[in-house]
Amino acid sequence: MQAKVKQFNVKLREVKKVKDDIFLLSFQSSHIARVAQPGNFLHLKLQSTILRRPLSIHKIENNLIYILFKVRGRGTKALAQKRKNDRLDIIGPLGNGFKIKKGENSILVGGGIGVAPLLFLAQKLVECSTFNVQRSTLENIILLGAKDRKEVVCEKEFKNLGFRIKVATEDGSKGQKGFVTDLLKKQLMAYDLELRTHVYACGPKGMFYQISKIVKQYKDLDTQLSFEQFMGCGLGVCCACVILTKAGYKKVCQDGPVFSLKEIY
Ligand SMILES: Cc1cc2nc3c(=O)[nH]c(=O)nc-3n(C[C@H](O)[C@H](O)[C@H](O)COP(=O)(O)OP(=O)(O)OC[C@H]3O[C@@H](n4cnc5c(N)ncnc54)[C@H](O)[C@@H]3O)c2cc1C
Ligand code: FES
């Protein structure tokens, strides 16, 4: 369900480089902290671009909202140059968010900067697990995929939340050499799927296609995918963000960004 959308002019608390071209920024918003759901995104106005840019809520601590982003083009480059106390015009929270299933196995799959919304999801999953009496039989795992070790981020944060972490890099510079989907295949084979398992993924579309091939044999597996589509208005008006689903075209900004895998593949 879409949270109540508002426009804000926030003062940045911090903008810091995490690695090479990956940055973390934060600002205070009690409204966003109260209503945001994992998978929601914020639409940012940047002077260097006409259209706003969508970025996920990475984590929330007290009333501090964090965004983790990779510099790709003009918009994200301008964002990385912002400093403490600069102002930022944002609309949000937008989008539907992940559907959290309480007290069941969770496998999170982050492809590159696709890890960004998964930390907020992890925070909420841990909160929900607290109420689960059979916690000892269940586990939370994050599978991190990247081109090389420089793109692997957030290991410590997931570890602090009690997640098991597995890493795959395409060049083998960290973790297993190969793709994050190789890790997913192995992980699913290791599970007793009598226990309900949920896969939550964010990353490039090629990764989603590979996930769709892997999960085909597990009929009861619930898999949710968060799409990083190009956007215009972000509010369901312009249709710039549509993707083809089995039920026809849907808007990623309004019907998504999270879709059940079964809706798409
Ligand atoms: C719902 C949603 C949540 C997102 N969350 C995050 C996030 O938390 N962190 C983050 O770093 N990024 C996130 N993205 C992607 C982010 O919106 C783009 O990287 C950003 O808009 C690029 O803007 P730019 O002006 O820097 O690049 P542009 O100048 O617009 O583009 C530069 C190049 O970047 C690539 N690119 C741009 N946008 C995308 C995109 N949406 N998908 C794939 N490639 C793209 C293209 O190859 C393009 O040529 C998210 C996207 C969506 C739709
Ligand atoms: S971005 Fe305009 S309808 Fe989705």
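Visitor: What should I know about the model and numbering?
Guide: The model is predicted: local features need pLDDT of at least 70, side-chain atom pairs count only at pLDDT 80 or more, and totals for chains, interfaces and linings use all residues. Residues are numbered from 1 along each chain as its sequence is written, chains are lettered from A and ligands numbered from 1 in the order in which they are written, and side-chain values use heavy atoms, leaving out hydrogens and water.

Visitor: Which domains are assigned?
Guide: Domain 1 (6-94) and domain 2 (105-228). The bounds come from an automatic or database domain assignment.

Visitor: How far apart are the C-alpha centres of domain 1 and domain 2?
Guide: 24 Å. In contact (heavy atoms within 4.5 Å) are 17 residues of domain 1 and 16 residues of domain 2.

Visitor: Switching to helix H5. Which residues are buried?
Guide: Val-180, Thr-181, Leu-183, Leu-184, Gln-187 and Leu-188. Buried means under 20% relative accessible area, exposed over 50%, partly exposed in between (1.4 Å probe, protein chains only). Helices (H or I, at least four residues) and strands (E, at least two) are DSSP runs, numbered from the N terminus.

Visitor: Where do they sit around the axis of H5?
Guide: The buried residues fall within an arc of 150°, so they line one face of the helix. That arc is taken from the directions from the helix axis to the C-beta atoms.

Visitor: What's on the face turned away?
Guide: Exposed Lys-186, Met-189 and Ala-190. The cover over the buried residues of H5 includes strand E9 (140-146) and helix H6 (205-215).

Visitor: How many salt bridges in the whole structure?
Guide: 8. Each is a side-chain nitrogen of Lys or Arg within 4 Å of a carboxyl oxygen of Asp or Glu. In one of them, Arg-52 pairs with Asp-89, with the closest N and O atoms 2.7 Å apart. Arg-52 is in the loop between E3 and E4 and Asp-89 in strand E7, so the pair ties together parts 37 residues apart in sequence.

Visitor: Is Arg-52 buried or exposed?
Guide: Buried, at 13% relative accessibility.

Visitor: What does Glu-228 pair with?
Guide: Arg-72, with the closest N and O atoms 3.5 Å apart. This pair ties together parts that are 156 residues apart in sequence. Glu-228 is partly exposed at 42%, and Arg-72 is exposed at 63%.

Visitor: Which residues form the nonpolar surface patch?
Guide: Val-5, Leu-235 and Val-237, with about 260 Å² of accessible area together. Areas use the Shrake-Rupley method with a 1.4 Å probe, and for residues only the protein chains shown count as cover. Patch residues have over 30% relative accessible area and no salt bridge; like charges are joined within 9 Å, nonpolar side chains (Val, Leu, Ile, Met, Phe, Trp, Tyr) within 5 Å.
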